[in-house]
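The following exercises concern the structure shown below.

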Amino acid sequence: MIDLNGKKILFLSVSFFNYEKAIAKRLSDLGAEVDFYDERPSNSNFSKGIVRLNKKFYHLKINAYYNRILNEIKNKKYDYFFLIKGEATPSFFLEKIKENNPGIKMIYYNFDPLTEYPDLIDNLKFFDKKFTFEYRDSVTYNMNFRPLFYVDEYKNLNHDTGAAIYDMVFIGSAHTDRYIVGEKIRAAADKLKLNSYFYYYAMGKIAFRLKKIIDKNLKQFDMAKVSFDKLTHYQIIDFYRKTKSVIDINKPFQSGLTIRTFEVLASGKKLITTNSDIINYPFYSPENVLVIDRENIQLDPEFFKTDFKKLNQDVLYRMSLDSFIECLFGDAQDDYWNSFRKQ
């Protein structure tokens, strides 16, 4: 494992279901001194919407927030600056961090396609190491390729006793065409008499109702099927314990694998996914992963009759948070991850 003992890390990240806290804790466990800040001034639905649509309208608040951070850390020197996504992070802040910390290593990671967030591209020039979960972006923007990870709470849930009560479970945010695809999967499961459970999550009632008016994909959404209560990792894990397989519906324009992919397979559960790019990863096997076409949903009943095929321990480690940290703060792993690409 990489030695970060005594290293000082300034870590900024978008908030993503507390994974940023898990990363910060693991860096601390490895001996680093970590100062963590959310990269957004606020995580209110309004703030997120403004930052995403046009952060120029929000620049006074953004600038004030980042100047406050600079003031709080003005007497500190860092070995590493680590940024995940950086949707709100202004260029003046990145320039100042480099200026105030000679020799600092600047590390960037993104788990969204840059085609969806083109404003992020200009800030890549500030970083010594740039990583993306999207293989196409790694080629287009000369970035290192590193998929996401699982946290240890999800590891080997098949060791738990108790029979599964579901054949398949879906837990995820309500966005893009997820509801449309999810309901097609539910209908296909019903025809095969498979027991399914779907949990669609939305951040807030008002924001969701507004999106429902604008987004054609959400207009069909039955409000009775959406929940505004975010599940904890422990609640999600409990659902995993009760199911044979988990459904993953990626964004239609995204080929990078979701974090759900890693959690499901690490937990020893089968995966049903709309992301065909999964065939290019070392943990893919048709016994464990059923790839479906979002435009033509077909479920293979035989998939649910066989047991999960245990993953190779080296592959399982490569999928882990520890391996993710080793890659970003140590040696890049492009040779490993790219060696499995078939297309």
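**Exercise 1: Strand β11**

Strand β11 (residues 270-273) is covered on both faces: K270 and I272 on one side, and L271 and T273 on the other, are all buried. The model is a predicted one, in which local features need pLDDT of at least 70 and side-chain atom pairs count only at pLDDT 80 or more, while totals for chains, interfaces and linings use all residues. Residues are numbered from 1 along each chain as its sequence is written, and side-chain values use heavy atoms, with hydrogens and water left out.

Task: Determine which strands pair with β11, and which residues stand opposite L271.

Solution. 

Step 1. Strands (E, at least two residues) and helices (H or I, at least four) are DSSP runs, numbered from the N terminus. Buried means under 20% relative accessible area, exposed over 50%, and partly exposed in between (1.4 Å probe, protein chains only). Two strands pair if DSSP finds at least two bridges between them.

Step 2. Recall a general rule. In a regular strand, side chains alternate between the two faces of the sheet.

Step 3. Find the partners. Strand β10 (residues 245-248) is joined to β11 by four bridges, and the two run parallel. Strand β12 (residues 289-291) pairs with β11 over three bridges, also in the parallel sense.

Step 4. Locate L271. V246 stands opposite L271, and in β12 the bridge partner of L271 is V289.

Step 5. From β10 the chain crosses through helix α9 (residues 259-266) to β11 in a right-handed β-α-β crossover. Right-handed means that, with the strands pointing away from the viewer, the path from the first strand over the helix to the second runs clockwise.

**Exercise 2: The six-stranded sheet**

Task: State in what order the strands of the open six-stranded sheet lie, and which are its edge strands.

Solution. 

Step 1. The order is β2-β1-β3-β4-β5-β6, with parallel pairing. The edge strands are β2 (33-38) and β6 (144-145), each of which pairs on one side only.

Step 2. Helix α1 (residues 19-29) packs on this sheet, touching β1 (8-13), β2 and β3 (80-84). Touching rests on contact, meaning heavy atoms within 4.5 Å. The direction of α1 makes about 175 degrees with that of β1.

Step 3. Consider β4 (residues 105-110). Five bridges join β3 to β4, and the bridge partner of L83 in β4 is Y108. Four bridges join β4 to β5 (residues 129-132); Y109 has F131 as its bridge partner, and I107 stands opposite K129.

Step 4. Five of the six residues of β4 are buried, so this strand is largely enclosed by the rest of the structure.

**Exercise 3: Residue E87**

Task: Decide whether E87 is buried or exposed, and where E87 is found.

Solution. 

Step 1. β3, helix α4 (residues 91-100) and β4 make a right-handed β-α-β unit. E87 is found in the loop between β3 and α4.

Step 2. E87 has 4% relative accessibility and therefore counts as buried.

Step 3. The side chain of E87 makes a polar contact with the side chain of R40 (3.5 Å). Such a contact is a pair of N or O atoms within 3.5 Å; within protein, one must be able to donate a hydrogen and the other to accept it, and residues adjacent in sequence count only if both atoms are side-chain atoms.

Terms used: Axes are lines fitted to C-alpha atoms, for helices over the stretch in contact, and angles run from 0 to 180 degrees between N-to-C directions.
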